[in-house]
Amino acid sequence: MKSMVVRRPSHMAPAGFWLLRLGPWTQLVSRRSFVAGALLLLLLACACLVSLTFGGSRPIPVKDALLVLAGQGDAVSRLLINTLRMPRILAAVLTGAALGAAGCLMQTLARNRLATPGIVGLDNGATAFAVASIVATSTSLLPSILALFGAATAAVLTFALASGSGSRGYRFIVTGIGVGAMFSALTNLMLSQAPIDAANRAYPWTVGSLNGTSAVAIRALAAGLFFGLPWACLLGRQLAAMGFSERVSISLGVRLGALRMTTLAATVWLTALGVAVAGPVGLVALIAPEIARYLAKQRGVPVLNSAWSGALLMVVADWAGRNILSPIEVPVGIVMAIIGGPYLIWIVLRQPDRRVQ
Amino acid sequence: MPERSRHLAPMLSVAGVGLVLLCLISLLIGAGDVGAWRSLETLFGQGDEQSRFVIYGLRWPRTELAVVVGIALGAAGVLLQSVTRNTLAEPGLLGVSAGSSFAVVMAISLGASASSLAFSVAVLGALIGCLLVMAVCRLRGVGSDPVRLILAGAAFSGFLSALSGLLLLRDQRTADEMRFWVIGSLAGRPVETLYAALPGLICGLILMLPLVRPLAALALGEALASSLGHHPQRVRLGVLIVVAMLVGTANAAAGPIGFLGLIVPFMARRMVGSDIRQTLWLSLLLGPSVLLGADIVSRLLVSPYELPIGVVTAFIGAPVLIATVRAQRLPIL
Amino acid sequence: MAAVVSISLWCDVVTAAERTLDTAYGLVRINGVPKRVVTLGETALDASLTLDAHPLGALAARGGSQVPEYLQEKAGHIELVGSVREPNLEAVLALEPDLILATNDLSKQLFDQLSLIAPTVIPKVGSLDDWRASFRLYALALDKQAMAEERLKDFDHQVESLRQSIATGQSASVLRWNPQGPILMSAQVFAGQILASLGFLPNELAVSLKHRPHSDILSLENLTKADADWIFLATLNADGEKALDEVSGQPGFAQLKAVKDGHVVSVDGQVWSSSAGYMAAERILADIAKALAL
């Protein structure tokens with residue numbers, strides 16, 4: 001029987017897509033999202049350059065900055081860029097990428113544009129543990145490590161309490177909010193009982209700051225991202241199939257339960273790493289996927305683009321925080337929340353019933 | 001519904017008795033050296049000067065304040081859950097408290113002091129928080145995702161606390177004061193606070209009275225409510241104004257005490273079902289009971305110091321939240 | 001004359017040798033006499049100003065736009081390099097310091113980065129140890145040990161002479177008052193040490209706070225635990241009178257013995273409960289002298 005399906009030649013991709021071939025492996029890449037990604041990367045590079053040179057207590061001409069990057073330049077500029085600015089920008093990029101990707105996964109998993117890993121208690125758990133390490137013990141324990149544990153603990157707790165959440169993700173989200181509230185109360189308690197110098201030292205961990213991030217933590221984040229980001233992209237593709245109703249997904253061969261668990265694990269992993277470096281900068285995970293979706297204007301799970309836009313946001317927010325009230329620095333978490341808040345309210349007001357996909 | 005109204009009267013009496021008992025315990029027990037026996041003696045007229053000061057000067061005003069704040073927050077919780085048709089709604093979670101806290105931070109940093117704060121500032125702030133709730137509900141029926149409201153509230157609270165953080169960055173004096181205020185406490189409020197809170201509470205309760213029946217009708221559905229002669233939009237607006245008044249007053253009096261607006265409706269629903277005409281009256285008694293219970297716990301756990309009450313309510317309320325959600329279906333309001 | 005000058009110059013060269021300091025985050029080596037000093041923290045600023053090593057930059061205190069009030073006059077105009085909670089490392093670098101003096105507020109991560117800019121000294125001394133130890137450490141870093149010893153001797157004279165004029169056997173406690181209740185400062189902390197050296201007796205609770213600089217918020221029912229013959233009320237408000245008014249309206253306050261005797265003194269919280277430097281110490285002596293009308 002002659003097939004009624006129109007057969008396209010196998011070397012032609014559908015309109016708007018490119019076909020990549022690597023031996024036996026083929027991959028469809030949306031042209032629009034690729035262009036969006038390239039644009040984002042370009043903007044990111046520009047932002048990094050601006051952050052490296054303009055503003056701050058000592059602006060550096062672009063030429064000198066490039067010299068330093070090439071290995072020469074005068075001592076002070078070298079110190080400024082290599083010790084202070086570069087690590088900071090690097091931390092911003094990595095954290096933004098991790099949180100952006102995590103946010104994209106989370107929103108897809110929860111089928112809700114307003115879901116962020118932070119709201120599910122991870123941020124609060126990380127903050128509580130980090131503050132505990134500063135306030136309760138001496139300075140020997142690295143707060144970043146404890147922040148990592150804190151985020152993981154919050155995730156495990158939420159998951160344990162919301163077990164059997166079934167097909168609707170709201171139970172998990174609300175349980176996360178409850179767990180987050182408990183940790184937040186703990187943090188407030190610790191801060192109110194701490195002597196003032198310990199409270200001051202703990203302050204950056206309560207708002208999210210890139211001031212004085214430890215090199216060890218940044219390296220750990222880079223390593224984690226190296227594996228985490230490709231993993232997240234892979235999951236993203238599988239999740240796209242989940243956009244259909246459950247029955248369709250299952251008949252398409254998607255193993256829903258396992259997919260959800262794995263995605264959750266990936267989200268927690270990325271978020272925990274990001275928060276361990278920068279503190280509770282949760283709103284990146286909310287806005288970055290929105291930007292990615294707006295640029296690509298296409299259904300699907302734009303994990304990579306979310307990562308790039310997250311990185312861009314963090315770099316811009318960090319730069320803004322350093323320069324608005326100079327020499328007083330505004331922590332990046334506060335800047336992010338101030339940008340993110342109205343934007344969030346706008347989302348809520350604009351299209352209240354539109355789902356994620 | 002004749003069946004349910006039969007339950008109300010016994011429940012009210014149980015709650016009433018419980019409240020009286022808790023008030024008594026609150027007078028008898030504290031973090032200090034004046035133990036239960038001595039307090040009892042003092043109540044009957046034989047006690048030394050110190051005991052009399054502790055009972056009448058410290059514990060009695062504190063109990064009164066707990067009752068006022070408890071009524072305000074309990075009623076606000078039930079009203080808010082009813083108007084949003086959402087059993088997860090709570091003034092703290094939805095950003096209403098965050099609004100009034102932010103207003104307080106602004107006022108303090110502009111020169112007012114924490115102890116003599118204008119109540120109107122806090123009420124105004126709470127109103128802004130309620131505006132968000134209104135916007136999310138779109139002044140229409142909300143039958144959809146119950147979580148969307150919570151998430152919007154959580155993000156709104158985050159936004160406001162970041163704004164507060166920005167203000168506090170420049171002003172360390174305010175930051176030091178806010179460090180203690182932000183957890184909420186019933187201790188050490190001068191008697192003027194109580195007097196200042198009463199008008200707000202009474203006003204709110206009076207305004208609430210004509211709204212109860214329309215709210216109950218709304219629970220049947222908008223169309224039905226309209227056909228019964230009520231105006232859904234006006235009712236919602238009115239209820240939200242009442243909530244703002246009650247929450248703002250409570251916040252200004254005792255600082256932000258979270259989760260009460262979740263615990264009280266939960267308990268009320270378990271006792272008499274979902275009809276607001278019954279849960280509301282019950283909540284007026286349950287609210288102060290729960291708050292007094294939490295206050296007593298906060299006095300006993302770490303004597304001679306005291307735990308901030310916001311921490312105690314958070315530790316009771318978070319499990320309640322989780323329990324609500326673990327139930328097979330969210331109870332429909 | 002020329003001989004004297006040249007010998008003293010030679011002595012300078014000899015004494016400005018390399019020295020190793022034992023600091024909170026390890027050993028720090030310093031060479032020569034530092035000329036460009038940046039201080040991060042009020043105790044450090046206090047010490048540098050006392051030792052006539054005028055720093056190039058300092059952190060802003062309350063209000064976010066100036067150094068602590070009691071140091072403003074001596075500090076004059078000074079560059080701000082951030083706030084206590086968020087020091088601005090770039091601003092520090094822009095001043096090109098050759099020595100950074102900091103306090104316990106600084107986290108290890110910030111310390112690591114600052115060390116790359118200039119040797120950073122943070123005293124190992126906690127708030128419960130003798131304040132002179134941190135003063136001496138800063139002096140060692142600034143290579144002004146002789147001047148420091150002189151000043152300390154001078155201070156001891158002041159303490160001795162004030163002590164003679166104070167009646168013995170009186171007790172004193174230092175409180176910070178919050179709406180929910182008072183916070184009692186430990187007897188081992190800065191102000192407590194000075195009070196002890198003047199012959200004041202601490203109260204029991206203050207003595208028991210051996211490992212913490214201050215207590216939690218005391219329940220208002222337990223005010224007797226914070227009571228003493230003299231109470232020094234450390235306030236955050238610069239305006240002492242206003243602070244006293246605010247506090248006297250609160251329940252329980254009127255129950256304190258010191259209040260009934262009229263022996264409550266409102267003092268600057270910055271000096272009495274957060275700083276721990278030489279000028280702060282002198283200021284405390286002045287406050288006590290004024291309060292006792294001596």
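What is the mean pLDDT of chain B, and what percentage of its residues reach 70 or more? The mean is 81, and 86% of the residues of chain B reach 70 or more. This is a predicted model. The predictor gives the complex an ipTM of 0.79 and a pTM of 0.82.

**Confidence**

- Among the elements of chain B, helix H13 (residues 276-300) has the highest mean pLDDT, 91.
- Helix H7 (residues 172-181) of chain B has the lowest among those elements, with a mean of 67.
- Residues 139-143 of chain B have pLDDT below 50. Beyond near neighbours in sequence, this stretch still has 7 contacts in the model.
- Chain C has a mean pLDDT of 82, and 88% of its residues reach 70 or more.
- Over residues 5-14 of chain C, pLDDT stays under 50. For that stretch the model has 0 contacts beyond four places in sequence.

**Chain A**

- Chain A has 13 helices and 2 strands.
- It has 357 residues, of which 54% count as buried.
- Take the contacts in chain A between residues at least 6 apart in sequence: 74% of them join residues at least 24 apart.

**Chain B**

- Chain B has 14 helices and 0 strands. Its pattern along the sequence is α-α-α-α-α-α-α-α-α-α-α-α-α-α.
- Of the 333 residues in chain B, 56% are buried.
- Among its contacts between residues at least 6 apart in sequence, 80% join residues at least 24 apart.
- Helix H8 of chain B covers residues 191-208, which is 18 residues.
- The buried residues of H8(B) are B:Thr193, B:Ala197, B:Gly200, B:Leu201, B:Gly204 and B:Met208.

**Nonpolar core**

- In soluble globular proteins, nonpolar side chains tend to be buried together.
- The largest nonpolar core here has 307 residues. Those with the most contacts inside this core are A:Ala101, A:Val315, B:Val69 and B:Val243.
- Domain 1 (12-145) and domain 2 (166-291) of chain C both give residues to this core, so the core lies between them.
- Which residues does B:Val243 contact, leaving aside its neighbours within four places in sequence? They are B:Ala76, B:Leu79, B:Leu80, B:Pro91, B:Val96 and B:Cys130.

**Where chain C touches chain A**

- On this interface, 30 residues of chain C are in contact with 26 residues of chain A.
- Four elements of chain C give two or more residues each to its side: strand E5 (79-83), helix H4 (89-94), helix H5 (108-117) and strand E10 (214-217).
- H5(C) gives the largest share of that side, 6 residues.
- By class, the side of chain C that touches chain A has 12 nonpolar, 10 polar and 8 charged residues.

**Domains of chain C**

- Chain C is divided into domain 1 (12-145) and domain 2 (166-291). The C-alpha centres of the two domains lie 28 Å apart.
- In the contact between them, 17 residues of domain 1 of chain C meet 18 residues of domain 2 of chain C.
- On the domain 1 side, helix H2 (42-50), helix H3 (69-75) and helix H6 (131-142) of chain C each supply at least two residues.
- H2(C) gives the most to that side, with 6 residues.
- The domain 1 side divides into 9 nonpolar, 4 polar and 4 charged residues.

**C:Gly41**

- C:Gly41 is in the loop between strand E3 (37-40) and H2 of chain C.
- Is C:Gly41 buried or exposed? With 26 other C-beta atoms within 10 Å, and 20 or more being the cut-off, C:Gly41 is buried.
- Not counting residues up to four places away in sequence, C:Gly41 touches C:Leu59, C:Ala102, C:Thr103 and C:Asp105.
- C:Gly41 and C:Ala58 are 17 residues apart in sequence, and their C-alpha atoms are 7.2 Å apart in space.

Note on methods. Residues are numbered from 1 along each chain as its sequence is written. Chains are lettered from A and ligands numbered from 1 in the order in which they are written. Two residues are in contact if their C-beta atoms, placed from the backbone, lie within 7 Å. Ala, Val, Leu, Ile, Met, Phe, Trp, Tyr, Cys and Pro count as nonpolar, Asp, Glu, Lys and Arg as charged, and the others, Gly among them, as polar. Domain bounds come from an automatic or database domain assignment. A residue is buried if 20 or more other C-beta atoms lie within 10 Å of its own, exposed if 12 or fewer, and partly exposed in between; C-beta atoms are placed from the backbone. A nonpolar core is a set of buried Ala, Val, Leu, Ile, Met, Phe, Trp, Tyr and Cys residues joined through C-beta atoms within 7 Å. The expected span of a helix is 1.5 Å times one less than its number of residues. pLDDT is the predictor's confidence in each residue, from 0 to 100.
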